[in-house]
Amino acid sequence: MTTTETKPRAKAKAKAPPKPKAQRREETTTRILDVAEALFARDGLHGVTLKAVAKEAGVDTALLHYYFDDKNRLFSTVFGRRAEVVNKLRLDSLDRYEAEHGDAMTVRGAIDAFLRPLFVLFDNGDPAWLNYAALVAQVNNTPVWGGDTMHKHFDPVIDRFIGVLRRIAPETPPRQIYWFYHLLSGSLTLSLAQTGRIDVLSGGLCKSSEMGAICDAMEAVFTGGFEAIRR
């Protein structure tokens with residue numbers, strides 16, 4: 001008579017300890033902000049509801065009210081989150097350029113220091129940053145509240161850039177420099193929107209996703225434009 005050996009039972013895997021409450025809240029908040037950012041970029045502020053954000057994020061609508069009060073507060077949080085990163089990159093770039101070149105700074109160099117960090121950031125293929133680029137383009141072209149939002153988040157960087165230009169070209173009337181920035185800003189946000197219009201107009205020769213090429217073209221065009229107004 002043979003005996004059948006009984007295999008020892010495998011030990012049950014120990015459950016992972018629950019995440020700390022603060023970590024769970026941070027992860028949930030990040031997920032909500034990422035989802036809201038994508039929806040706002042696609043549908044605009046007025047085309048998005050808290051219910052839609054909650055559904056996409058897999059949370060209850062009541063949680064959004066608890067974290068953000070209302071949709072406007074959620075939008076403001078979404079917009080401000082990446083603005084801090086963008087501002088630091090551009091301020092550091094302008095500071096570094098001025099420190100390295102001083103009185104030898106050029107208009108093209110200043111424009112590059114201001115624009116290039118943005119285009120490098122948006123050219124990294126991260127869809128979250130592309131969503132944010134589209135969101136900035138929307139806000140900068142919204143007449144009722146867009147100006148206040150841009151003022152709140154970006155004016156210190158703009159003032160720094162204009163200060164560098166005034167150091168480079170002190171003979172240029174301030175009014176002309178502000179018009180220069182106005183037109184530069186319009187070109188920038190149109191490019192960030194990536195509407196695909198240039199793709200169609202050029203028959204595919206140019207693509208609205210070519211961030212590096214757009215930055216190079218803007219530098220050339222706006223350097224020439226600035227040189228014209230400083231005469």
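## Accessibility and basis of the model

A residue is called buried when its relative accessible area is under 20%, exposed when that area is over 50%, and partly exposed in between (1.4 Å probe, protein chains only). By this rule His46 counts as exposed, at 68% relative accessibility.

This is a predicted model, in which local features need pLDDT of at least 70 and side-chain atom pairs count only at pLDDT 80 or more, while totals for chains, interfaces and linings use all residues. Residues are numbered from 1 along each chain as its sequence is written, and side-chain values use heavy atoms, with hydrogens and water left out.

Helices (H or I, at least four residues) and strands (E, at least two) are DSSP runs, numbered from the N terminus. His46 is located in the loop between helix 1 (21-43) and helix 2. With contact defined as heavy atoms within 4.5 Å, and with neighbours within four places in sequence left aside, His46 touches Lys71 and Trp145. His46 and Arg167 are 121 residues apart along the chain, and their C-alpha atoms are separated by 42 Å.

## Packing of helix 2 on helix 3

Two packed helices are described by the angle between their axes and the distance between the axes. Here axes are lines fitted to C-alpha atoms, for helices over the stretch in contact, and angles run from 0 to 180 degrees between N-to-C directions. Helix 2 (residues 50-57) and helix 3 (residues 61-68) pack at about 110°, and their axes are 8 Å apart. Helix 2 is therefore roughly perpendicular to helix 3; the classes are roughly parallel under 35 degrees, roughly antiparallel over 145, roughly perpendicular from 65 to 115, and oblique for the rest.

On the side of helix 2 the contact is made by Leu50, Lys51, Val53 and Ala54, and on the side of helix 3 by Thr61, Leu64 and His65. These residues divide into 4 nonpolar, 2 polar and 1 charged. In this scheme Ala, Val, Leu, Ile, Met, Phe, Trp, Tyr, Cys and Pro count as nonpolar, Asp, Glu, Lys and Arg as charged, and the others, Gly among them, as polar.

Helix 7 (residues 146-168) has a kink of about 70° at Phe154, shortly before the proline Pro156. The bend at a residue is the angle between axes fitted to the seven residues ending there and the seven starting there.

Phe154 is itself among the buried residues of helix 7, which also include His153, Val157, Phe161, Ile162 and Ile168. The cover over the buried residues of helix 7 includes helix 4 (71-101), helix 5 (107-122), helix 6 (127-140), helix 8 (174-193) and helix 10 (211-229). Tyr178 belongs to helix 8 and is partly exposed, at 44% relative accessibility. The C-alpha atoms of Tyr178 and Ile162 are separated by 7.8 Å, the two residues being 16 apart along the chain.

Val107 is part of helix 5 and is buried, with a relative accessible area of 2%. Apart from neighbours within four places in sequence, Val107 is in contact with Ile168, Thr223, Phe226, Glu227 and Arg230. Val107 and Thr223 are 116 residues apart in sequence, yet 6.1 Å apart in space, C-alpha to C-alpha.

Ser93, in helix 4, is buried as well, with a relative accessible area of 10%. Once neighbours within four places in sequence are set aside, the contacts of Ser93 are Ala113 and Pro117.

## Positive phi angles

Most residues other than glycine have a negative phi, and most peptide bonds are trans. Asp69 has a positive phi of about 70° although it is not a glycine. Asp69 lies in the loop between helix 3 and helix 4 and is partly exposed, with a relative accessible area of 45%.

Gln194, which is not a glycine either, has a positive phi of about 50°. Gln194 is placed in the loop between helix 8 and helix 9 (197-201) and counts as partly exposed at 25% relative accessibility.

## Cysteines

A disulfide is a pair of cysteine sulfur atoms within 2.5 Å, and by this rule the count comes to 0 disulfides. The sulfur of Cys206 is 15 Å from the closest cysteine sulfur, in Cys215, and is therefore too far for a bond. Cys206 counts as partly exposed, at 33% relative accessibility, whereas Cys215 counts as buried, at 0%.
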